[in-house]
Amino acid sequence: MATKPGILTDWPWQPLGSFKYVVLAPWAVHSTYSFMVKGESERDIGYFLILPFLLLRMLHNQIWISLSRYRTAKGNNRIVDKGIEFDQVDRERNWDDQILLNGVLFYIGYMILPGTHNMPFWRSDGVVVVSLLHAGPVEFLYYWLHRALHHHYLYSRYHSHHHSSIVTEPITSVIHPFAEHIAYFILFAIPMLTTVFIGTASIASFFGYVSYIDFMNNLGHCNYELIPKWLFSIFPPLKYLMYTPSYHSLHHTQFRTNYSLFMPIYDYVYGTMDKSSDTLYEASLKRPEESPDVVHLTHLTTPESIYHLRLGFASLASRPHTSKWYLWLMWPVTLLWSLFLAWSYGRTFVLENMTFQKLKCQSWLVPRYNIQYMFKWRRDSLNSLIEEAILDAELRGVKVLSLGLLNQGEELNKNGELYIQKYPQLRIKLVDGSSLAVAVVLNSIPKGTTQVFLRGNLTKVAYAIANALCERGIQVAIPYKDEYEKLKLRLTTKMKNNLILSSSYADEKTWLVGDEWKEEEQLNAPKGTLFIPFSQFPPKKMRKDCIFYTTPAMIAPTSLINMHSCENWLPRKVMSAWRVAGIVHALEGWNVNECGNTLFNIEDVWRASLQHGFRSLIAL
């Protein structure tokens with residue numbers, strides 16, 4: 001929002017929320033119906049193609065968003081180092097409003113301008129006219145409109161909304177108040193309307209021109225330099241005819257320079273070209289890929305989780321992962337994309353990057369789904385992927401690698417010990433995060449609790465929790481004898497008498513739950529029961545009269561930079577204990593691995609995480 005919002009700031013369909021697309025429904029239905037029922041000679045392909053073209057523009061923009069986020073996470077050729085925050089993601093959530101506006105105006109234009117009917121697919125003279133009018137009047141008028149928008153009166157009421165984003169993303173290019181978009185449409189309509197009035201309009205000139213605007217807008221705001229230097233060496237005058245991402249980035253950091261639309265010539269003519277443009281361009285081109293200090297390995301959970309990745313839909317990634325009705329409608333696309341990603345992409349890739357104190361932290365994604373870890377015949381290939389990621393991190397000089405969701409227990413890789421045994425010379429430290437996960441669970445149990453009920457798979461974390469609780473004099477109830485015997489055998493405390501065999505659900509109000517506990521057990525729990533997960537996946541909530549804590553996690557410090565997506569189902573600004581463990585391990589400089597049966601002193605790990613600014617998370 002601008003600092004002093006002016007008139008026509010809000011979009012007219014803002015009250016409709018996610019249902020705003022219904023404004024196009026009458027025209028979309030009419031154009032499709034007309035195309036289907038009319039004879040071949042009466043069909044108007046241009047009218048019919050408006051809706052597919054709008055959808056194609058959305059896809060084009062989404063590709064730019066994903067590519068930009070991937071490249072800026074890697075770091076090579078990145079222009080601005082500052083981080084993006086959730087406020088910016090929220091502000092830029094409705095980037096498709098301008099596409100919706102264009103659709104409405106295209107349909108209205110078709111209704112009132114006979115020259116737009118039955119346009120040919122291609123006319124060379126029309127393409128030439130559009131190109132010349134853009135290079136001349138449009139670029140010139142935009143330059144002066146842009147300078148006017150930087151006058152304090154218009155800037156505070158309109159254009160400051162766009163400049164709220166210092167670090168730009170491709171979609172930043174279209175984040176403007178409604179009134180500003182109206183002005184831009186009028187300006188960009190000059191070439192198209194001219195071809196209509198002189199009878200040289202074509203589908204290619206219309207759709208091609210709008211696509212060119214989209215492409216250049218995304219290019220200028222992508223925050224990584226991708227225009228090769230040899231292009232300007234071959235044709236030196238090109239520097240006056242085409243801007244670069246670094247050129248426009250300076251406009252967002254310096255504000256009073258580089259006003260041009262796509263052609264910098266007017267900045268040169270009127271003396272507003274930033275003197276550091278060439279220097280920043282060359283420096284960005286030479287910038288290498290970053291080598292992180294800490295890497296957090298993760299993987300996909302469900303097929304639709306691809307949309308919740310930072311590289312997926314930005315608006316979904318910035319919120320906890322929940323199922324959306326419209327994602328169910330996309331299941332054919334989801335299935336195809338999931339199969340392509342899971343079966344054809346054979347190695348990990350950088351998902352996101354953050355900075356905390358002096359540490360550079362990255363998350364790497366293993367393109368596999370949670371269900372694939374359940375198949376024994378997939379274990380060798382999964383371990384190979386993880387192994388390759390560890391060796392890659394070793395070559396990059398990474399200090400700590402957190403196994404995260406990839407720590408799937410003893411059956412897969414012995415809690416990470418498999419890799420240490422195979423490569424004992426590794427300098428990188430592997431951390432499964434179990435110690436901090438245990439500490440988070442223990443500090444989530446209400447004070448004064450004398451007995452807890454333990455359910456779910458008996459993992460390394462479960463054994464450690466039971467051992468610590470028995471040591472503290474808190475009884476741990478187990479309903480099944482085989483689990484009771486197995487757990488008792490693994491306990492190291494001398495106070496094993498605090499581990500009890502009990503099948504009475506009614507007496508327990510605090511439940512510690514892991515994976516694969518029975519649904520009927522949750523249904524039989526007494527009203528008001530507190531469920532505290534100790535696994536990495538949250539339990540299915542089948543009760544409204546009970547309290548469910550989130551999976552072991554901590555609130556991130558405010559000094560953590562570039563955190564603008566949620567970690568799976570966790571709330572904003574919250575990190576899983578397994579992820580925090582890797583960061584704390586590196587900050588403390590602990591020169592040991594936390595794998596296999598190794599556990600750190602729980603109190604020391606908890607104290608260290610608090611000292612570094614991480615805070616306890618209770619029942620968010």
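Angles under 35 degrees count as roughly parallel, over 145 as roughly antiparallel, 65 to 115 as roughly perpendicular, and the rest as oblique. Keep that for the second stop.

**Before you start**

This is a predicted model: local features need pLDDT of at least 70, side-chain atom pairs count only at pLDDT 80 or more, and totals for chains, interfaces and linings use all residues. Residues are numbered from 1 along each chain as its sequence is written, and side-chain values use heavy atoms, with hydrogens and water left out.

**Stop 1: the whole protein**

Show the C-alpha trace. Along its principal axes it spans about 95 × 55 × 50 Å. Switch to cartoon view. The secondary structure comes to 26 helices and 14 strands. Both are DSSP runs numbered from the N terminus: helices are H or I with at least four residues, strands are E with at least two.

Of the 620 residues, 56% count as buried. Buried means under 20% relative accessible area, exposed over 50%, and partly exposed in between, using a 1.4 Å probe and protein chains only. Now consider contacts, meaning heavy atoms within 4.5 Å. Among contacts with a separation of 6 or more, 70% join residues 24 or more positions apart.

**Stop 2**

Select helix H21 (residues 434–442) and helix H26 (residues 602–611). They pack at an angle of about 85°, and their axes are 9 Å apart. H21 and H26 are therefore roughly perpendicular to each other. Axes here are lines fitted to C-alpha atoms, for helices over the stretch in contact, and angles run from 0 to 180 degrees between N-to-C directions.

Show side chains next. From H21, pick Ser435, Leu436, Val438, Ala439, Val440 and Leu442. They meet Ile602, Val605, Trp606 and Ser609 in H26. The residues of this contact divide into 8 nonpolar, 2 polar and no charged. In this count Ala, Val, Leu, Ile, Met, Phe, Trp, Tyr, Cys and Pro are nonpolar, Asp, Glu, Lys and Arg are charged, and the others, Gly among them, are polar.

**Stop 3: a three-stranded sheet**

Move to the open sheet of 3 strands, with the order E13-E12-E14 and antiparallel pairing. Strand E13 (574–576) and strand E14 (615–616) stand at the edges with a single partner strand each, so one side of each lacks a neighbour in the sheet. Select strand E12 (residues 553–555): it pairs with E14 over 2 bridges. Two strands pair if DSSP finds at least two bridges between them. Click isoleucine 555; its bridge partner in E14 is arginine 615.

Lysine 573 lies in the loop between E12 and E13. Its phi is near 60°, a positive value in a residue other than glycine. At 26% relative accessibility, lysine 573 counts as partly exposed.

**Stop 4: asparagine 415**

Go to the loop between helix H19 (410–413) and helix H20 (417–422), where asparagine 415 sits. Asparagine 415 is not a glycine, yet has a positive phi of about 55°. Its relative accessibility is 4%, so it counts as buried.

**Stop 5: threonine 172**

Select threonine 172, in the loop between helix H7 (152–157) and helix H8 (178–197). Is threonine 172 buried or exposed? At 0% relative accessibility, it counts as buried. Not counting residues up to four places away in sequence, threonine 172 touches Gln88, Glu92, His162, Ser165, His221 and His252. Its side chain makes a polar contact with the side chain of glutamate 92 (2.7 Å). A polar contact is a pair of N or O atoms within 3.5 Å; within protein, one must be able to donate a hydrogen and the other to accept it, and residues adjacent in sequence count only if both atoms are side-chain atoms.
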